[in-house]
Amino acid sequence: MSDEEHHFESKADAGASKTYPQQAGTIRKSGYIVIKGRPCKVVEVSTSKTGKHGHAKCHFVAIDIFTAKKLEDIVPSSHNCDVPHVNRTDYQLIDIAEDGFLSLLTENGNTKDDLKLPTDEALLSQIKDGFAEGKDLVLSVMSAMGEEQICALKDIGPK
């Protein structure tokens, strides 16, 4: 055998998939689906009848959960679609840095410092105003397919 050592560069993660397969015919309104590589929330589903060549088709109209863009897709109802794992986590706001990054407190007492202020103007002003007034704010962070974004906030009273 050879004396050479083999080094493999792994670009894979721990193996927890960002999506799971689900039959297109079972995806309903207000469910989630991946369209053009983007995680989306389904706002409308219509199913066509089976045609001369077999498959019934599902027409999905969905909104990207991060960019709010409208996307559409048509898939045979018997085929599988990718469905993203979507998680919502609540964090308490500790600080807002000068560069727009937030310092958040996780449930186990650690800090999370890798989230930027949201681009949504209404949410942005609510967070900044509430923090300036010294309120205790809890931010809901939605995560899917390796992306995270603040989607809501709750006021839990003064500090």
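**Exercise 1. In which loop is the place of Ser30?** Then work out how exposed this residue is and what its phi looks like.

*Solution.* Keep in mind that you're working with a predicted model.

Step 1: Find the residue. Ser30 sits in the loop between β1 and β2.

Step 2: Look at the backbone. Most residues other than glycine have a negative phi. Ser30 isn't a glycine, yet its phi is positive, near 70°.

**Exercise 2. Are Cys40 and Cys151 buried or exposed, or something in between, and how many disulfides does the whole structure have?**

*Solution.* Step 1: Take Cys40. Its relative accessibility is 0%, and anything under 20% is buried, so Cys40 is buried.

Step 1: Take Cys151. Its relative accessible area is 31%, so Cys151 is partly exposed.

**Exercise 3. Describe the largest pocket: how much space lies in it, and which residues line it?**

*Solution.* Step 1: Start with the volume. The largest pocket holds about 190 Å³ of space.

Step 1: Walk along the lining. Among the lining residues are Ile65, Phe66, Thr67, Ala68, Pro118, Asp120 and Cys151.

Step 2: Sort the lining by type. You get eight nonpolar residues, three polar ones and one charged one.

Step 3: Ask which element gives the largest share. That's strand β11 (residues 147-158), with three residues.

Step 4: Work out where the pocket lies. Both domain 1 (19-84) and domain 2 (86-155) give residues to the lining, so the pocket lies between them.

**Exercise 4. Zoom in on Ala68, one of the residues lining the largest pocket.**

*Solution.* Step 1: Ala68 is in the loop between β4 (57-64) and β5 (70-76).

Step 1: Its relative accessibility is 58%, and over 50% means exposed, so Ala68 is exposed.

Step 2: Check phi. For Ala68 the value is near 65°, which is positive although this residue isn't a glycine.

Key: Residues numbered from 1 in each chain as written. Predicted model: local features only at pLDDT ≥ 70, side-chain atom pairs only at ≥ 80, totals over all residues. Heavy atoms only, no water. 1 Å grid on protein atoms, 1.4 Å probe; cavity = no way out; pocket = protein on both sides within 12 Å on 5 of 7 lines; lining within 4 Å. Points joined across faces, edges and corners; volume = space filled by probe spheres on them. Helix = DSSP H or I, 4+ residues; strand = E, 2+ residues; numbered from the N terminus. Nonpolar A, V, L, I, M, F, W, Y, C, P; charged D, E, K, R; others polar. Domains from an automatic or database assignment. Buried < 20%, exposed > 50% of the residue type's maximum accessible area, 1.4 Å probe, protein only.
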